[in-house]
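Please read them alongside the sequence and the coordinates.

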Amino acid sequence: MPPTRDSGRRRPTQRPDTAPQLPCDQPGCNRWFRNLSGLTKHKRTTHLSFSHPHRSFPDHGELLGSSGEEDPVADTTPMLPEHAFDDYQAEVPLDPEHEDMRAEYVGSSGRLYRNYHPGLNARRCDARGQFLPANAPPPPRAEKALDDWTPYRNRLEFELADFLFTHAEMPARKIDTLLDIWAASLIGLGGQPLFTNHTDLYRVIDSTRVGDVKWDNFTIRYTGEEQGSERAPWMSDGYEVWYRDPREVIHGILASSEFTDKLDLVPYREYDVSSDQRRWQDFMSGDWAWAQADRILHDDPTTAGATLVPIILGSDKTTVSVATGQTDYYPLYLSIGNVRNTLCRAHRNAVVLIAFLAMPKTTREHANTPAFRKFKRQLFHSSLTRILSSISRPMKVPEVVLFGDNHYRRVIYSLAAYIADYEEQVLLSCIVRNWCPKCLGHRDNLDEGALRRSREHCDTIIEEFELRQAWDSYGIVGDVVPFTNDFPRADIHEMLSPDILHQLIKGGFKDHLVEWVERYLIHIHGRAEAEKILDEIDRRIAAVAPFTGLRRFPQGRHFKQWTGDDSKGLMKVYIAAIEGLVPKDMVRTFRAFLEFCYLVRRNVITEQTLTEIDGALRRFHLFREVFRNAGVIESFSLPRQHAMKHYHYLIRQFGAPNGLCSSITESKHIKAVKRPYRRTNRFQALGQILLINQRLDKLTAARADFAGRGMLNGTCLSQAFEVLGPGTDETHDQRHSIEECANAAGDSEERTASYEEESGEVIDDQMAVDAHVSLAHRYQRARARNVGALATELGVLDLAHLLRHFLQSQLYPNDSRDPEDIPYQECPVYEGRIRVYNSACSTFFAPSDLSGIHGMRREHIRSCPMWRNAGPRFDCIFIVTDPQAEGMRGLDVARVLCFFSFKYQGTFYPCAVIHWFDRVGEGPDEATGMWIVHPGYRTRNLRNIAVVHIDTIYRAAHLIPVYAMHNIDSRDIKPHCSYDMFHSFYVNKYADHHAFEIAF
């Protein structure tokens, strides 16, 4: 039995109960305020105009914008550090009028500032490219009427087309059936359906003008010399490539009103005023963008004032059908570095499909010949050169482009980054497999310190050495020319970005570490005993309690086709499952590796984070030797594991790696290739896929256009009721009935979701607070209606006393006494009705996880006697008990027994009955890096129960049993009873990236 505790009282810190309602309208600011005076004070102190475009900066130590006269707001504005302008490069030739470096405070707290590049500073210009004053208004836009739904007749027509084609993905025959039934229902009313048939629907979509970048194609044939007397079949074939003009695609992204305030147009360096540390986040915050701007200006000083648009590419083969024959496609995607990471990860249209590359095939006889392998490589690079040819000239001479804010700017392009897995990187960089595409480390010892590869170095090696020597000594395929050699300032070795999904999650974790553990167990225990241990690991993983976003493995890990989500799900629970079954150093190896993965996945990376990344990598290299010492593996010269050494440098170059991960292109495969393929008739499917993508792009662009004009506020139904006006009591009842049906449909849809996997929701709302918890919309009518009945239902006989102590703390917050020290007879009494809820909703700022464009994420906290007919579910939570402390020292863990609400003296109180958990020790477990907790008890072995306001709840917490401390047969343990069967738990900081950032 866990030890009892007498002095285990905690006073949760409650957030204010009034939610901020007034947002700051400054671009990029996410602050919200409760009243107008707070908003006005914020604008006066935070959003100051530090400098004028035509004003020279003072000395570095002076406040920006200050002069000989006294500044009335200078005392309320934080001073920039002395090195705020140290990044300015005086030797770069600039227009004297714009030699100033612009710096400004950013963010909601005024604790961050940025230095912006002084040369490529995105000056506005007219349609002829002539620069305009900074305060010049944009040219008049051809305004469209608010009822102009062209080519649709009204909102209903657009919403129906978008629903049927984008969301329902309804086949043509079913569309015809639906419209036929609709027409029959309207005959008696004299009406007509919105569309006649699917042909009419497709015609209207195809006539949409916005978002229309047409597909084109070209064919490449082999033109080299024939080898031998017999001509190989592949030499006679033509290889067709379908593509869209990347220049037009980029123009569409820049001109989109959806991205107007979500683009970084100027390279910048961001610093924290308090710690004086640099921060890396989006692509334009990296050193690459700044150095590229310097280089462009050095080569051509007349480019000053232009806008740098870094081009990001990504490609990867994907299989759409296996059962009916291997059907593969080779999509190529494009994005730009000006788009912020949260927008790319939120599955918006910032990542665009621009081509389907050719995949040459031939007979088995010729498939492995050197000539065919060389042809496939050169076909790939030649195709990329042809596809990107339209942006070659604007990479040297800026062109004038219209942006979403209706201003023109001079734009110059650069090939910046390429998202690819290792096999694709080998092809792109023209190196030999098992060598590193980023450095010159020898394939037999990749981790030995080596210089970085470069275009100039490779060209020199090819020029000075024979092809065989270049292959053997440097890992260079010298008879293939990379596509980047056809473009200015482009270096494929520099462009290759870090790939968290394939290098770390699928590679280092699943293919290496998990596999090595299995080899170790077989090597030490023999196969028969090892199989028993592996079964025990599987049972431990299957017994883990459910949690939002946690993938279940009810039948273990032994399935053939692993996805990235499978590997991510296993990472969250594996370290606790193997603890006690393998040596401690193996557990420490996993801890170091996981910490490295979670650190590099953060949305914002600081200099301190880089130090922690380096430390985790050193510990990983140290502890992984346990596998070599045990005879499991002979060498650690593994390209994907070796890539970890380059993350520090690449973060400095490109910003946070989560904006360049192949998981972005993998998710795009589903939307742009796999789902459209399933909508085809499988005959010459590529042409149908192209048409489907074109229609999807048109609908997306049309929605963005209509939303930008404020035409999509509310729903079709709410808009119809608004047009009708207040109406009668009968129409009011009708509206209420429809809303009730809609809520019921939503609840029904939620219950049909898979028990094995419950996903969180991405929220596109702006951040008002770091976290907010609210009760479910509906209370449970079949559960307790008063305090006494609830006490009986929960088995908490002193619930009435606990509620009185809760009211004492709420009504007298300034009372210095602990409410539990006050006799309950002196506390307020409540004996009225209550409402019980099965869940609460937590919305919090978690930009490192899958979230909305402002970094907000939502999850549900469950507390219900029956969850999806599998058993009860009572989730655990984090409660803020010390706002000044960091990590787990400021948080406590509790289990929610019930959510309920009541009104007392006119005030609404949303509450939770919780069971406190106690921490074990003064810090996290040394081997796993996770804190250990156990259920808390008072004297006489009574559970430590309390009633708390839900504003004290931060978010859900996930606990994993400390299996090594329990002698319990895990065969019969189900996930829903995990918290009841064990008495010691790890606080799972690997449950998601936000948990990793707070539960340290």
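In which helix does F375 lie?

1. F375 belongs to helix α9, which covers residues 370-387; the model is a predicted one. Its relative accessibility is 9%, and because buried means under 20%, F375 counts as buried.

2. Setting aside residues up to four places away in sequence, F375 touches R221, Y222, W234, Y239 and P360. Between F375 and M235 there are 9.2 Å in space, C-alpha to C-alpha, although the two are 140 residues apart in sequence.

3. Helix α3 (residues 172-186) has 15 residues, which at 1.5 Å a residue should span 21 Å, and this agrees with the 21 Å between its end C-alpha atoms.

4. Within α3, the residues I175, L179 and L186 are buried; because they cover an arc of only 25 degrees around the axis, they sit on the same side of α3. The other side of α3 carries R173, K174, D180 and I181, which are exposed. Packing of the buried residues of α3 is against α2 and α4 (198-206).

5. Helix α2 (residues 155-167) also packs with helix α23 (residues 685-708), at an angle of about 140 degrees and with the axes 11 Å apart, and α2 passes α23 in a left-handed crossing. On the α2 side the contact is made by F158, E159, A161, D162, F165 and T166, and on the α23 side by I692, R695, L696, L699, A702, R703 and F706. Sorted by class, the contact of α2 with α23 comprises eight nonpolar, one polar and four charged residues.

Terms used: Residues numbered from 1 in each chain as written. Predicted model: local features only at pLDDT ≥ 70, side-chain atom pairs only at ≥ 80, totals over all residues. Heavy atoms only, no water. Axes fitted to C-alpha atoms, helices over the stretch in contact; angles between N-to-C directions. Helix = DSSP H or I, 4+ residues; strand = E, 2+ residues; numbered from the N terminus. Left-handed = near helix turned anticlockwise from the far one by under 90°. Contact = heavy atoms within 4.5 Å. Nonpolar A, V, L, I, M, F, W, Y, C, P; charged D, E, K, R; others polar. Expected span 1.5 Å × (residues − 1). Buried < 20%, exposed > 50% of the residue type's maximum accessible area, 1.4 Å probe, protein only. Arc of directions from axis to C-beta.
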